Amino acid sequence: MKLSFTLNHNALTLETEPDRRVIDLLREDLGLTGTKEACGEGECGACTIRVNKELRLACLMIAAQIEGCSIETIEGLAGPDQALHPVQEAFVQAGAVQCGFCTPGMVMAVTDLLEAIPDPDETQIRKALSGNLCRCTGYQKIMDAAQLAAKKENKCLP
Amino acid sequence: MPAVILPQTLDELLDLKAQGHTILAGGTDLFVHMRNKKIQPQTLVCLDQLKDKGLREVADTGDEICIGAAVTHSRLIQNPLVQQHFPVLIQALDTLGSPQIRNMGTLGGNIMTASPAGDSLPPLYVLDAQVELAGKNGSRRMSLSRFITGPGATGLNPEEILYRIWIPKQPSYDLHHFEKVGHRKSLSIAILSMAALIGLTGDRKIRAVRLAWGSLGKTIATSPETEKRLMGTPMDDPAGFILAAARIREEVSPISDVRAGADYRRQVAGNLVLRLCQGPLEPLKQGPGAV
């Protein structure tokens, strides 16, 4: 099918199979390997993207479902000069990255949270990250990164 | 490799269903089953381009709230009508899956999966929800408790779709409560869940009560004997709830499965009844017609 959608703020039209998984479309056809696949069945959140400003799982969607949609992946967060997004910077500063496999999904979830709630409390952060598994860090540094990112976005920090 | 069809209208959708094709709603169960080769549909009917409002809106029709089958869990949690009238449903949906799953999965999908552990089902049982099934020759309504006939089994005819869910407003219940026991809070399938509606007298004795249980039997279980035992119990009287907890442990015959044994479920069922006395119950927000 001919598929038209917006990918990281750029309009795109391509030819694909309608039942192509969105994760495969992104990683294999478009070379956007930031979005990861781990469990492949919606349990881990590694493939988290945003579809029309809502977090979704690219492993449980097919191409036909994103016709006309606006898709955001981890690659779309950096600014035009490739400067890291404040949430990405916070993950680096807090040391919230170990093997890195869950990081894109975590960053997408924190970014989504901070757009809805700029100054979240700990419970809100934990709930926002409840669909994302990390097997390395024990989550505390990821919590720290989310809190640091909130401070950055609220301009409390340089 | 299934073909994918994107109907634009309800008529097209009903035509496709009559031809025996599989409907893709949120995909959070269907794609997992397809990956595990439990289901191998030749054609998927994708709802994303459908213009029909009925499947996607939540409407106040007077005595009832009508919910389109394709409304996602997140949209329901955010919906003021659902928040006002059915706190028990909000509490349950809040425990369903994860934020991502709640953004994708639909109420209709959770019903059609008809899992004994389906998180929306115990609340919909105590709320006396009805399903509206639509086909090319019109639509019919039936109670959800009659519609679900077993694990994964419903009374849907092959040419029908689950179109809308109708829930009567509940002015006679003052307290709404849902609790789920699982291995962790998110993304866990319930070991046991309980939805409760309680109506109180002026001196806070139980004058009306509905209980429904997830993951206890092959479908959602009810417990009329325990409900009877709870009638007249003061909300702050542990003795009354201890008797009711003993009653539920006798009344139920739980399943044993990979998540827990029957004895454990029996014990926990009593504990959840005890929690009605001890726990913080969310008062029903005042609605039009609410006491």
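## Interface between chains A and B

In this predicted model, about 2,300 Å² is buried between chain B and chain A, with 54% of that area on carbon and sulfur atoms. On the chain B side, R35(B), Q100(B) and M104(B) contribute 25% of the area buried against chain A, more than any other three residues. The contact involves 29 residues from chain B and 29 residues from chain A.

Chain B and chain A are linked by 4 salt bridges; one of the salt bridges in the model joins the side chains of D94(B) and K127(A), at 2.9 Å from N to O. At least two residues of the side of chain B that touches chain A come from each of α2 (30–35), β3 (43–46) and α6 (99–104) of chain B. Of these elements, α6(B) provides the largest share, 6 residues. Classified by residue type, that side of chain B comprises 14 nonpolar, 9 polar and 6 charged residues.

## Overall form of chain A

Chain A contains 5 helices and 5 strands, arranged from the N terminus in the order β-β-α-β-β-β-α-α-α-α. The C-alpha atoms of chain A occupy a box of roughly 45 × 30 × 25 Å along the principal axes. The radius of gyration of chain A is 15 Å, which agrees with the value near 15 Å for a compact globule of 158 residues.

## Domains of chain A

Chain A is divided into domain 1, covering residues 2–76, and domain 2, covering residues 86–153. The centres of the two domains, taken over C-alpha atoms, are separated by 21 Å. Contact between them involves 16 residues of domain 1 and 12 residues of domain 2. Together the domains bury about 1,200 Å², 60% of it on carbon and sulfur atoms. Within domain 1, R50(A), L55(A) and I74(A) lose the most area to domain 2, together accounting for 42% of what that side buries.

Between the domains there are 3 salt bridges, and 5 residue pairs are in polar contact, with both residues at pLDDT 80 or more. The side chain of R50(A) forms a salt bridge with that of E115(A), at 3.0 Å from N to O. Strand β3 (residues 48–51) of chain A supplies the largest share of the domain 1 side that touches domain 2, with 3 residues. By class, this side of domain 1 has 6 nonpolar, 4 polar and 6 charged residues.

Technical notes
Residues are numbered from 1 along each chain as its sequence is written. Chains are lettered from A and ligands numbered from 1 in the order in which they are written. This is a predicted model: local features need pLDDT of at least 70, side-chain atom pairs count only at pLDDT 80 or more; totals for chains, interfaces and linings use all residues. Side-chain values use heavy atoms; hydrogens and water are left out. Domain bounds come from an automatic or database domain assignment. Contact means heavy atoms within 4.5 Å. Buried area is the accessible area (1.4 Å probe) that two parts lose on being put together, summed over both. A polar contact is a pair of N or O atoms within 3.5 Å; within protein, one must be able to donate a hydrogen and the other to accept it, and residues adjacent in sequence count only if both atoms are side-chain atoms. Helices (H or I, at least four residues) and strands (E, at least two) are DSSP runs, numbered from the N terminus. Ala, Val, Leu, Ile, Met, Phe, Trp, Tyr, Cys and Pro count as nonpolar, Asp, Glu, Lys and Arg as charged, and the others, Gly among them, as polar. The radius of gyration is taken over C-alpha atoms; the globule rule is 2.2 Å times the number of residues to the power 0.38.
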